[in-house]
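Subject: Structure for you to look at

Hello,

Here is the structure I said I would pass on. Please open it beside this email and follow along as you read.

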Amino acid sequence: MKKTFQLENLDCAHCAEKMADAINKLDKVKEADIAFMTQKLTIEAEEEDFDSILKDAQKAIKKVERGCKIVV
């Protein structure tokens, strides 16, 4: 299942690419992509895994850009 989330305070296209790469490396993530222009994160994974994936994805995002966060 694919879900899309809004991102806040994403300031850098290069950072968005680094975040997407980090999220793609997380367990149980089939595919992740960040569209810098629309500030959206799309994650494909199993429905039951999204809670844990979002927590880990937020940690990965903060490592790259501290002020950026996922709006759920």
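How many bridges join strand 1 to strand 4, and in which sense do the two run? Strand 1 and strand 4 run antiparallel, and three bridges join them. One of the residue pairs to look for is Leu7, whose bridge partner in strand 4 is Ile70. Before going further, keep in mind that this is a predicted model.

The chain as a whole

The protein chain holds two helices and four strands. Along the sequence these elements follow the pattern β-α-β-β-α-β. The radius of gyration is 11 Å, close to the 11 Å that the globule rule gives for 72 residues, so the chain is as compact as a globular protein of that length. Its C-alpha trace spans about 30 × 20 × 20 Å along the principal axes.

Of the 72 residues, 38% count as buried. The chain exposes about 4,700 Å², and carbon and sulfur atoms supply 48% of that area. If you take the contacts between residues at least 6 apart in sequence, 61% of them join residues at least 24 apart.

The four strands form an open sheet, with antiparallel pairing, in the order 2-3-1-4. From one strand to the next, the twist averages 30°.

Strand 2 pairs with strand 3 (residues 40-45) over six bridges, in the antiparallel sense. Here Glu31 stands opposite Glu44 of strand 3. Strand 3 also pairs with strand 1 (residues 2-8), again antiparallel, over five bridges. In that pairing, Lys3 has Ile43 in strand 3 as its bridge partner.

Helix 1 (residues 13-24) lies across strand 2 and strand 3. It runs at about 170° to strand 2.

Is Gln39 buried or exposed? Gln39 sits in the loop between strand 2 and strand 3. Its relative accessible area is 18%, under the 20% cut-off, so Gln39 counts as buried. The side chain of Gln39 reaches the backbone oxygen of Leu10 at 3.0 Å. Leaving aside neighbours within four places in sequence, Gln39 is in contact with Phe5, Gln6, Leu7, Asn9 and Leu10.

Asn9, one of those contacts of Gln39, lies in the loop between strand 1 and helix 1. Its phi is near 65°, a positive value in a residue other than glycine. Asn9 has a relative accessible area of 47% and is partly exposed.

Lys28 also has a positive phi, near 75°, and it too is a residue other than glycine. Lys28 lies in the loop between helix 1 and strand 2. With 52% relative accessibility, Lys28 counts as exposed.

Regards

Notes. Residues numbered from 1 in each chain as written. Predicted model: local features only at pLDDT ≥ 70, side-chain atom pairs only at ≥ 80, totals over all residues. Heavy atoms only, no water. Pairing = 2+ DSSP bridges. Axes fitted to C-alpha atoms, helices over the stretch in contact; angles between N-to-C directions. Contact = heavy atoms within 4.5 Å. Buried < 20%, exposed > 50% of the residue type's maximum accessible area, 1.4 Å probe, protein only. Polar contact = N/O pair within 3.5 Å; in protein donor to acceptor, adjacent residues only side chain to side chain. Rg over C-alpha atoms; globule rule 2.2 N^0.38 Å. Areas by Shrake-Rupley, 256 points an atom, 1.4 Å probe, with all protein chains shown as cover.
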